Amino acid sequence: MQRKVVIIDDSAFMREFIEETLEDEGYEIVGMAADGDSGIELALEHEPDLITLDNVLPDMLGMDIARILKKEECIRSKIIMISALGQDDVIAECKANGVEDYIVKPFEEEDLIEKVANLFN
Amino acid sequence: MGFFTDIEMEKAKDIITFGLLESAKSLEVFIKLEIRLDFGDDFSISENLSNKNITAKSDEVYLLTSELIGEIKGTSYLILSKEEVKSIMASVYPNNEFTEEKYIKKSNALVLETDNIITAGVMKNLANIFNYRTYGGVPQLNIVNHNEAVRIISEGTKKDDYVFFKAILSSKTGNIKADFIWLLDKAFVEAVKKVSKNRKISLTS
């Protein structure tokens, strides 16, 4: 069975890059959003196996989205944060909010594939 | 100079240089071109940014603006010419055969992501050294002629209580020579003063 993915990122470049990379690996992209509100809606609607989440969105921070989805809505999706923000305290806070893993940009396609695969192994 | 002693200025330059080197390294990885960090004749952190400090470009330019949010506030500007964007596109999408419409969409998305990635290099370093919560907002793109870009930056930099610095991110391949201009509020000055008192502070802390 194909694993379902929702991509939440304001960057069109990143949305397309993540979509193409994960589709090539057999994942099904069930929705993409460019802001936090629509992202939360999509995540609740699909409750996908995986959510890739940017940390700085036009309307809210990714770490707050993770908290809402994991701590308040209690969805079981795994969340991987993909962000240019690489401060240790930010990464720690994201993980405390329910983010399973964190990728700091820039990164290679293989890094994403490996991190995502590790989440399901 | 005024706002910094000589020692503080040296410390500030070290902090900024370290962040800019991170930005250059990230840019190199992202666009797959060898990038050099250049400060022109002199690297200074000053209270005024002169228009003559902005490298002239003949064509329309891509002006990318990012707001710095958090305990240190500020703005960064990245200026790329059409030719430079073409070089970056050719490097990132070596086999690109996009229609004109697709090319515009792709190149706009690519330069926005480029700005996001390189701005983070400086910000991450400021946040780590000062132990501040600070991050960049969503970058904005304006495609305008060079004079208009200079006007926008001049308007943006007409602020009291801000300091400015500029570096050039350059690449031999693709002839990239992009101005990367920053203004930071006086929270940066205060933070530098604080860390200058602590001789043991490490740039990688």
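Two strands pair if DSSP finds at least two bridges between them. Strands (E, at least two residues) and helices (H or I, at least four) are DSSP runs, numbered from the N terminus. The model shown is predicted: local features need pLDDT of at least 70, and side-chain atom pairs count only at pLDDT 80 or more. Residues are numbered from 1 along each chain as its sequence is written.

**View 1. Strand β4 of chain A and its partner β5(A).** Here β4(A) and strand β5 (residues 101–104) of chain A run parallel, joined by 4 bridges. Look for A:Ile82, which stands opposite A:Ile103 in β5(A).

**View 2. β4(A) and its partner β3(A).** Strand β3 (residues 50–53) of chain A also runs parallel to β4(A), again with 4 bridges. A:Leu50 stands opposite A:Lys78 in β4(A). Of the 6 residues of β4(A) (78–83), 5 are buried, that is, under 20% relative accessible area with a 1.4 Å probe, protein chains only.

**View 3. The lining of the largest pocket.** A pocket is an open set of points on a 1 Å grid where a 1.4 Å probe fits, with protein on both sides within 12 Å along at least five of seven lines; lining residues have an atom within 4 Å of a point. Among the 29 lining residues, A:Phe13, A:Glu16, A:Phe17, A:Glu20 and B:Tyr93 lie nearest the centre. The largest share, 10 residues, comes from α1(A).

Notes
Chains are lettered from A and ligands numbered from 1 in the order in which they are written. Side-chain values use heavy atoms; hydrogens and water are left out. Buried means under 20% relative accessible area, exposed over 50%, partly exposed in between (1.4 Å probe, protein chains only).
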